[in-house]
Number of protein chains: 2
Amino acid sequence: MPTIMDVARAAGVGIGTVSRVLNGSRLVSPATRQRVQDAIQRLGYQPSPIARAFGRGRTDKLEVLIPAFAHAFLLEILLGIQDALSDSDYAVVIRIASDAAERERLYQECCVRGRADGVLVVWMTATDAFVDRLDAESLHAVLLNALHPRLTSIGVDHDDAAVRAFEYCAGLGHRRIGLIDRRQDPFDPATPGICQRGYENAVAHTGYALVAEYERLAEPSASAGAAAIDALLELAEPPTAVVVASDAQAIGVLEAARATGRRVPEDLSVVGYNDTPVTRDLGVTTMYVPLRELGRVATESLLELLAEPATSPRARNLPTELLVRRTCAPPTVR
Amino acid sequence: MPTIMDVARAAGVGIGTVSRVLNGSRLVSPATRQRVQDAIQRLGYQPSPIARAFGRGRTDKLEVLIPAFAHAFLLEILLGIQDALSDSDYAVVIRIASDAAERERLYQECCVRGRADGVLVVWMTATDAFVDRLDAESLHAVLLNALHPRLTSIGVDHDDAAVRAFEYCAGLGHRRIGLIDRRQDPFDPATPGICQRGYENAVAHTGYALVAEYERLAEPSASAGAAAIDALLELAEPPTAVVVASDAQAIGVLEAARATGRRVPEDLSVVGYNDTPVTRDLGVTTMYVPLRELGRVATESLLELLAEPATSPRARNLPTELLVRRTCAPPTVR
DNA sequence: TTGTAGGCGTTATCAG
DNA sequence: CTGATAACGCCTACAA
């Protein structure tokens, strides 16, 4: 492998000059630059990324921490991240956490200078200890769909989404509207449901009575969604519509409803959440969450933060959108 | 940040000794080791990964190249990769290719020494040019669910899977069994269907007539699957069962069948492929593909290759398994 | 068993 | 504008 010295020798210049050419410094005469570039070409030289990292003191790596339940949206978010990185030379190191203990381990491990230049935490609670360690190592992080007062975060207004989903159902004529919610952080039983507040506000605003049994908190999986809708449908006065806080759960709801002989949307209206390929294909009416955008914007924020470390944290929400498809209709019974 | 020198000073030893302790060399007396470890503890020292990489000449990074259609199985494969890496200190750099041009770019970019120690190509055709470049840089790669004569590959016997799916349907009494196949490489129109040969063998073996119209090649998406089944069902003698080469397509088949008033499995039996969370939840009878295992074994192979670069390439298939659920039944018409 | 010195390939800082 | 030279932090002989 040729090194920068070989190039310098071949071009008859010093290594400093080669380095300048490599890094696009303007302090090189056109003639010299040409000579150096020719030499680079001729030798097929490529600067060693690892020596470069050592010299510059940064890795050109971003670490993405993501929970294992992210099945449905991982790829979309990664695409967004790649979008933001397309003309930088950052690469993405990915780590998946399957439970709280693993999440903790990742938080621990990524807080070492020289491992990555920045961290993107997706859909997981950031602990104070983590943020402290981040500070101690003067590393930077951005949250995607999660919150921490001392960290920049990019997300979506779940409560607003819940309100709009609810009001859409109410507008269709539904009077008994259930909620199958999921926790902010699936690993952390202490976190509240993501839509709870919005749902309750919407109920109040619409003037409906708040029925505690209509609110369910479930794991973000199809089977948990199925169990939740089963419970809901066994009530004396079951809901005629249900707002579901994840598409995974919505799929379970659809299946369970069918299995008990209900037709969707005639007997039960369902609003999903996220707009994954599957629910799109199944024709589920859903709250669209701009996953790819989320990934892009979060990464852009992280890049800004790396460039301008003094920036103070801010929280930004991207708009969601109700995608009307085929799982909602006016109620047939009242 | 403390460096190895600070530790050496604090422990009253040379940096060589600290390095040896760090790397678990046995050539350190217990007493010295203890002293060094205390100093490390006291100073909160952590070796700089980037300096370490520089010194050792390797990155401790594995690059994973994966196509953007991998929605359904990306996470599962990544979990398998992480399994294999759990007690090494390799990290995973991920790159997604959305089309053939991007795939080519990734192939180009990952062939630079110092970017990663090894490459794992998932579900994409490896071009000869890529393998040549790999050789030129003496880098190592393993293929997951793809083939190249000069590369080790871990996969699954699609043809065998097709045979078994077909024979299961035949055993149920179906005489007209269709195939909705997909290409080996979705980016490469030149690649054949993954199940074609197996399907044709099964037809021959069962003694059925080979009906060309029963074989469809479609994109691995639900909408393409839906279009394919629509075409199949419009035939004068439509199939009563269909073997589908991906779960994404199977979901589309299910939806399209329902949309045209068919019941599954009464009017149409469907066998899917892969066993993704969604098809599991939908109760789709499917060929289980051990995705996580695939990720793990492929990564282990790559690790072995890195440790023992002389190893000659081999192709290994992991067994698939028919998971009988609720989308197949004996035909009601003949 | 231990310490010392040289090397890894850049970048960055200085004189010139 | 350009060339030398000093870091950067670790690993690994080699010498003791």
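Predicted model: local features only at pLDDT ≥ 70, side-chain atom pairs only at ≥ 80, totals over all residues.
Helix α1(B), residues 4-11, and helix α2(B), residues 15-22, have axes that come within 8 Å and cross at roughly 105 degrees. Since angles of 65 to 115 degrees count as roughly perpendicular, the two helices α1(B) and α2(B) are therefore roughly perpendicular to each other. On the α1(B) side the contact involves B:Ile4, B:Met5, B:Val7, B:Ala8 and B:Ala11, which meet B:Ile15, B:Val18 and B:Ser19 of α2(B). By class, this contact of α1(B) with α2(B) holds seven nonpolar residues and one polar residue, with no charged residues.

The most is given by α4(A), with five residues. There are 25 residues around DNA strand C, and those that come nearest are A:Ile4, A:Gly55, B:Gly14, B:Gly16 and B:Thr32. The make-up of this surface is 11 nonpolar, 12 polar and two charged residues.

Turning to the protein partners, the contact between the chains takes 35 residues from chain A and 35 residues from chain B. On the chain B side, two or more residues come from each of α4, α5 (74-85), β2 (91-97), α10 (222-233), α11 (247-259) and α12 (277-282). That side of chain B comprises 23 nonpolar, eight polar and four charged residues. Strand β2 of chain A, residues 91-97, is joined to β2(B) by three bridges, and the two strands run antiparallel. Within this pairing, A:Val92 stands opposite B:Ile94.

Two of the helices on that side of chain B, α10(B) and α11(B), also pack on each other, with axes 6 Å apart and an angle of about 50 degrees. Helices α10(B) and α11(B) are therefore oblique to each other, and their crossing is right-handed. From α10(B), the contact draws on B:Ala222, B:Ser223, B:Ala224, B:Gly225, B:Ala226, B:Ile229 and B:Asp230. The residues of α11(B) that take part include B:Ala248, B:Gln249, B:Ile251, B:Gly252, B:Val253 and B:Glu255. In terms of class, the contact of α10(B) with α11(B) has 10 nonpolar, four polar and two charged residues.

Definitions and conventions. Residues numbered from 1 in each chain as written. Chains lettered and ligands numbered in written order. Axes fitted to C-alpha atoms, helices over the stretch in contact; angles between N-to-C directions. Helix = DSSP H or I, 4+ residues; strand = E, 2+ residues; numbered from the N terminus. Parallel < 35°, antiparallel > 145°, perpendicular 65-115°, else oblique. Contact = placed C-beta atoms within 7 Å. Nonpolar A, V, L, I, M, F, W, Y, C, P; charged D, E, K, R; others polar. Near = placed C-beta within 6 Å. Pairing = 2+ DSSP bridges. Left-handed = near helix turned anticlockwise from the far one by under 90°.
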